[in-house]
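Welcome! Here are a few exercises to work through with the model open beside you. Try each task before reading its solution.

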Amino acid sequence: MKTVKAKIAAWMTLLTAFLAVLLVVFMIAISSSVAVRTAAGQLEDVVRNNLGQVRMEQGKPQMDSGFRFYHNGVSTFIYSKKEALLAGQLPVSFASAASSEPFRNGVVRMVDAGEVRYLLLDLWLAADWENGVWIRGLVEAPENSRSTYNLLKVAMIVLPVFMALAAAGSYWIIRRAFRPLDSINATAAAINEARDLSRRIGLAPGQDEFSRLGSEFDHLFERLERSFEAEKQFTADASHELRTPVSIIKGACDYALKYDETEEDRQETLDMIKRQAEKMSVVISQLLSMTRLEQGTEQAGMERVELRGFLRGLCREQAYDTGRVLVTGANGTDMELSCGTDRICVQANPALLSRLVINLVENALKYGRTDGRVWLSVQRCKQEVLLQVTDDGDGIAAEHQEKIWQRFYQVDSARSGDLGAGLGLPMVRQIAQLHGGYMTLASEPGRGCTFTLHLPEILYF
Ligand code: ADP
């Protein structure tokens, strides 16, 4: 009796039993009252019918052929004004009670005659002012206690069977209804024991409470798994990427302590340590942003962004050289002329979108030609909005084009400079995915690159 299922089944069975007993009591009450009323109705019909069949001739009652002494269980008798029996055969059981029972005109009443109870009706048939006869009808009252006894006997046999069926039925139904809960329990236990966050409850989708609970748990496990994975990745990446600058700093310190004698040597060593520390700081902050993106903590704050205005504002904010970084219309046309007031809007987090564009522009400036140009453009294509960053630098060879999206991948680490760690493009890709979009790259060596962000468009009203 410890499980919730057993408890609910027990309560349901008790309730069913209580309702069944209530029903039996109700049925007994109803059936006895209906039986008495039916018998009284019959009595009244027969006696009134017989009354119509009696004529008084010279002070004596004369019965027509329609008069019936015994009909439908009702016996009829005729008494004189002085209450002497003139016609009819009294039942033995009633004979003694009859003598003491006073006559009352038109009232159906119950009379006890020893073991048997009768319903009784007297009607007065007047001959003149003085004389007349009593017509008395009598019917055995329905035996209440007997029918009650029969009903109770049936109830005693049927009720236990009924209760057993109710208990078994309710337990079966509850077990079926609670099955999803067992599955939730089992999954939670398996996750706990095996420390395997990739497991899911996987209930069929539905509107009931358990389906919703199951899917909420699955979402929770998914977030936990993502969070653990991100933490693992952060630890692995941080130790991988920080090991080199830390050992360079350590080596430089050891060397300086032993050999650096002049002020110049010391300055050189300090510069190197500073560069490595700055690199570490960049790597840590980039890794932290990526971890936050993975965990979804930076997802909030999506809003409608009108892209052309957004790009113009961003270039002003970043104080890009307007001769090098150009915001254009599609295919390099002058934006103000070609696009006019046409607004292209997307749902985006402005801070993340800025980070994405800045990364691409800074790469284009870093890896493009020294006096090269960078073009920023926005256009519609089919169901998508395309935001493109194009440069006229050396481009990226085909064999590297897939790999540059991986963490820490650098085509030529010497060109990336001290502050590059190969985390910029993976972050760009992650931001694109967070916005429901994706990144593509088109590049031919020697002819520059075009990085394109593809986003779903929202209609602007
Ligand atoms: P980082 O710039 O820190 O090295 P990124 O992830 O931003 O890291 O870029 C990865 C690599 O892709 C860079 O090392 C560079 O070789 C290459 N790359 C990125 N953008 C361009 C570009 N516009 N032109 C040529 N190469 C590029």
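Helices (H or I, at least four residues) and strands (E, at least two) are DSSP runs, numbered from the N terminus. Please keep in mind that this model is predicted.

**Exercise 1. Where is Trp-129 found, and is Trp-129 buried or exposed?**

Step 1: Find strand S7 (116-126) and then S8; Trp-129 is found in the loop between them.

Step 2: Look up the relative accessibility of Trp-129, which is 88%.

Step 3: Exposed means over 50% relative accessible area, so Trp-129 counts as exposed at 88%.

Step 4: Now turn to Met-290, 161 residues apart from Trp-129 along the chain; the C-alpha atoms of the two are separated by 118 Å.

**Exercise 2. Is Arg-136 buried or exposed, and which backbone oxygen atoms does the side chain of Arg-136 reach?**

Step 1: Go to strand S8 (residues 132-140), where Arg-136 is found.

Step 2: Buried means under 20% relative accessible area. Arg-136 has 0%, so Arg-136 is buried.

Step 3: A polar atom of the Arg-136 side chain lies 3.3 Å from the backbone oxygen of Glu-101. The side chain of Arg-136 also reaches the backbone oxygen of Pro-102, at 3.4 Å.

**Exercise 3. Which residues form a nonpolar patch on the surface?**

Step 1: Pick out Val-154, Met-156, Ile-157, Val-158 and Phe-162, which form the patch. Together they have about 510 Å² of accessible area.

Step 2: Take Phe-162 as an example; its place is in helix H3 (residues 144-177).

Step 3: Phe-162 has 38% relative accessibility.

**Exercise 4. How many residues surround the ligand, and which polar atoms lie by its oxygen and nitrogen atoms?**

Step 1: Count the shell: 21 residues surround the ligand, and the closest are Asn-363, Tyr-367, Asp-391, Gln-410 and Leu-425.

Step 2: Sort the shell by class, which gives 12 nonpolar, 7 polar and 2 charged residues.

Step 3: Trace the elements. Helix H9 (350-367), helix H12 (424-434) and strand S15 (449-456) each supply at least two residues of the shell, and the largest share, 4 residues, comes from H9.

Step 4: Check the polar atoms. A polar side-chain atom of Tyr-367 lies 2.7 Å from a ligand oxygen, and one of Asp-391 lies 3.0 Å from a ligand nitrogen. From Gly-424, a backbone N or O atom lies 3.3 Å from a ligand oxygen.

Step 5: Finish with the cover: the ligand taken alone exposes 530 Å², and the protein buries 95% of that.

Terms used. Residues numbered from 1 in each chain as written. Predicted model: local features only at pLDDT ≥ 70, side-chain atom pairs only at ≥ 80, totals over all residues. Heavy atoms only, no water. Near = heavy atom within 4 Å. Polar contact = N/O pair within 3.5 Å; in protein donor to acceptor, adjacent residues only side chain to side chain. Areas by Shrake-Rupley, 256 points an atom, 1.4 Å probe, with all protein chains shown as cover. Nonpolar A, V, L, I, M, F, W, Y, C, P; charged D, E, K, R; others polar. Patch = residues over 30% accessible without salt bridge, like charges linked within 9 Å, V, L, I, M, F, W, Y side chains within 5 Å. Salt bridge = Lys/Arg side-chain N within 4 Å of Asp/Glu carboxyl O. Buried < 20%, exposed > 50% of the residue type's maximum accessible area, 1.4 Å probe, protein only.
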